[in-house]
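Please examine the model shown below before reading on. The paragraphs that follow lead through its sheets, its annotated spans and the contact between its chains.

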Amino acid sequence: MTLTVDDLRVHYRTLRGDVRALDGVSFFVDDGEILGLVGESGCGKTTLGKSLIRMDGRMRHVGGTVTLDGDDVPVGDDRAMNAFRFRRISLVPQYSMSAMNPTRRIGRMIRELLASRGASVDTAELHRRLALVGLKPEVLDRYPIELSGGMKQRTVMVISTLLDPSLLVADEVTSALDVSNQKAVAHALVGLRDQGLVTSMVFITHDLALTSHIADTIMVMYAGLLAEKAPANILTSAPRHPYTRRLLAALPEAGVRRSEGRLSGIEGSPPSLLSPPAGCRFRDRCPLADDRCAEQPPVVEVAPRHHVACWKV
Amino acid sequence: MLTLDRVTKTFRTGTFSGSSVTAVDRVSFTVGRGEVVTLLGESGSGKSTLGRMILGLTPVTAGSLTLGGEPVRSGREYYRRVQGIFQDPFSCFNPVFKADRVFALVKEAYYPRVSAADWRGRVERAVRDVRLDPGQVLNKYPHQLSGGQLQRLLIARALLLDGLEFLVADEITSMLDASTRVDVLNLLGDLRERGLGVLYITHDLALGTYLAEQTVVLRGGRITERGATEKVFGNPMHPYTRHLLAAVPRLGVDWVDAEPVGSCVFHDAGAEGELHEAEPDHFVACAQLPGCPGH
């Protein structure tokens with residue numbers, strides 16, 4: 001078992017009180033597994049990704065543990081995390097455009113980065129990895145500004161995985177890209193896993209359709225809690241949680257016309273996490289809600305590897 | 001109603017404007033009353049430049065752009081008829097003021113003589129027309145509202161102008177969550193019952209087909225394919241359109257690679273064919289197709 005997250009709670013400090021962005025989330029990621037993490041904005045998916053690698057100053061680790069390959073990950077301790085970053089847990093950020101040093105050619109930047117971690121560059125291996133994501137060795141002589149958005153994103157993917165981390169966190173890596181670039185980047189990510197350059201991956205996105213193509217398992221979050229987690233094909237074909245169902249029903253597919261069948265969104269908006277309501281947090285928007293939902297539903301394994309937090313399943 | 005005839009936009013770039021870039025190249029199509037047209041393209045295709053030209057924010061270099069027979073210009077009277085809504089609803093509101101100030105600005109500019117009570121009634125009607133509850137959204141600051149609510153308030157603001165004929169919607173759903181995106185799209189679709197013409201600019205093929213009768217595919221400033229939506233997507237003829245369609249992730253359908261393009265020139269923009277009518281209401285610019293003037 002690669003990654004185990006147990007009852008992780010991370011709050012944001014604000015003047016008006018703590019925002020409970022992660023309010024007790026537990027899950028695991030197996031060796032070689034790609035976990036797709038989806039949800040609306042403000043559901044805690046980016047907070048979860050950040051907690052696994054670097055908490056910023058406003059974030060506070062309130063409780064819960066993270067274990068990677070049997071070792072405790074000190075998520076709340078910024079200094080102690082340095083031993084894990086880049087070597088065992090690495091990140092591909094959303095805006096690769098601003099992730100690279102604009103004043104260095106990419107080859108030099110990679111040499112400097114590796115030197116700072118006490119490693120040296122294996123040129124043949126570097127070329128092989130660039131080819132794996134569909135890049136030519138010439139990009140090493142270029143400045144970041146000379147590459148297109150998709151090329152930059154793929155370059156950052158290669159850089160992030162140079163030390164063969166056990167876990168790669170990819171946060172919204174495709175959302176700023178056009179459809180054809182999106183596909184290339186998604187294939188490149190799967191390639192990194194297939195070649196064993198990373199053991200497993202957490203792929204954070206708001207695009208359910210895209211995740212269903214590259215993830216083995218999809219986890220849907222709602223208002224800081226897990227709503228449903230299941231193998232990708234099961235989650236998209238036989239979802240159990242009403243939130244997942246409504247989310248899937250709101251997705252227009254290429255070729256579906258409004259005149260043929262009108263889709264509908266989900267009424268209302270997620271609750272404020274400053275003082276989240278008691279009970280099921282989807283209750284106010286849920287068509288099935290009744291009195292029982294005033295109590296918070298536990299996460300239950302309804303079928304092998306299929307976890308749902310809902311009283312109605 | 002809105003007619004584009006070989007509209008071209010060239011930007012001067014480089015030191016002392018020594019070189020130029022053609023962002024939009026001889027684009028022609030029309031948008032009728034009560035019609036939604038999707039303008040589809042990847043980044044850099046010139047789709048937003050085209051939207052800005054229709055709004056009179058960027059001058060046209062060559063060709064003609066007319067609305068109801070009159071040339072496009074900027075100015076108060078023109079904006080009574082044409083309005084634009086843009087990608088980022090959060091930056092369209094001043095965070096210091098309440099969100100409904102955008103309505104007061106419309107009153108100041110266009111309806112200074114309408115009484116306050118009468119105006120409040122109009123605002124509430126417009127807000128209800130975009131499926132929002134006036135009590136919930138009025139008198140609030142922008143940060144108290146969601147992206148979907150703000151975007152719908154901007155549509156409501158455009159609807160306050162009773163002479164409104166045309167709406168340019170540039171990527172209006174790309175910042176919204178999947179759960180509210182469809183509601184904003186449905187709203188745009190409902191506007192056509194008022195006889196409003198809508199140009200829906202997007203890079204998302206799925207959202208584009210859902211809404212529009214007509215689709216225009218733009219690449220490198222030129223139209224590669226256009227026509228009735230069901231023809232463009234049911235029977236895509238240009239290799240670029242096929243390539244785009246194959247790249248769209250769909251639930252439950254395997255990601256297939258587009259058929260190899262072979263000797264196709266879609267990588268080589270200079271050699272593209274002329275736009276010609278391949279079947280009724282379906283125009284393609286591909287030199288490889290029989291019937292193309294450049295074949």
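**A walk through the two chains**

In strand S5 of chain B, B:Glu70 is the bridge partner of B:Leu67. The model is a predicted one, in which local features need pLDDT of at least 70, side-chain atom pairs count only at pLDDT 80 or more, and totals for chains, interfaces and linings use all residues. Residues are numbered from 1 along each chain as its sequence is written, while chains are lettered from A and ligands numbered from 1 in the order in which they are written. Helices (H or I, at least four residues) and strands (E, at least two) are DSSP runs, numbered from the N terminus. Two strands are taken to pair if DSSP finds at least two bridges between them.

S1(B), residues 2-13, pairs with S2(B) in the antiparallel sense over 9 bridges; here B:Thr3 has B:Thr30 of S2(B) as its bridge partner. Taken together, the strands make an open sheet of 4 strands in the order S2-S1-S4-S5 of chain B, with antiparallel pairing. S2(B) (19-31) and S5(B) (70-71) stand at the edges with a single partner strand each, so one side of each has no neighbour in the sheet.

Two residues of chain B call for attention to their backbone angles. Most residues other than glycine have a negative phi. B:Arg6 lies in strand S1 of chain B and is exposed, with 12 other C-beta atoms within 10 Å. A residue is called buried if 20 or more other C-beta atoms lie within 10 Å of its own, exposed if 12 or fewer, and partly exposed in between, with C-beta atoms placed from the backbone. B:Glu171 likewise has a positive phi, near 55 degrees, without being a glycine. B:Glu171 is placed in the loop between strand S7 (166-170) and H7 of chain B, and it counts as partly exposed, with 19 C-beta neighbours inside 10 Å.

Chain B also holds an open sheet of 8 strands, with mixed pairing and the order S6-S7-S8-S3-S9-S10-S12-S11. Its edge strands, S6(B) (82-85) and S11(B) (276-279), each pair on one side only. On average, neighbouring strands of this sheet are turned by 20 degrees against each other, direction ignored. Within the sheet, S3(B) (residues 36-40) and S9(B) (residues 214-219) pair in the parallel sense over 4 bridges, and B:Leu39 stands opposite B:Val216 in S9(B). H7(B) packs on the sheet and touches S3, S7 and S8 (197-202) of chain B, its direction making about 150 degrees with that of S8(B). Such axes are lines fitted to C-alpha atoms, for helices over the stretch in contact, and angles run from 0 to 180 degrees between N-to-C directions.

In total, 30 residues of chain B are in contact with 31 residues of chain A, contact meaning that the C-beta atoms of two residues, placed from the backbone, lie within 7 Å. On the side of chain B that touches chain A, helices H7 (178-191), H8 (205-211) and H10 (239-247) of chain B each supply at least two residues. The largest share, 8 residues, comes from H7(B). By type, this side of chain B divides into 15 nonpolar, 10 polar and 5 charged residues; Ala, Val, Leu, Ile, Met, Phe, Trp, Tyr, Cys and Pro count as nonpolar, Asp, Glu, Lys and Arg as charged, and the others, Gly among them, as polar.

Seen from chain A, A:Leu210 is found in helix H6 (residues 208-214). A:Leu210 counts as buried, with 25 C-beta neighbours inside 10 Å. Leaving aside residues up to four places away in sequence, A:Leu210 touches A:Thr174, A:Gln182, A:Ala186, A:Thr205 and B:Pro249.
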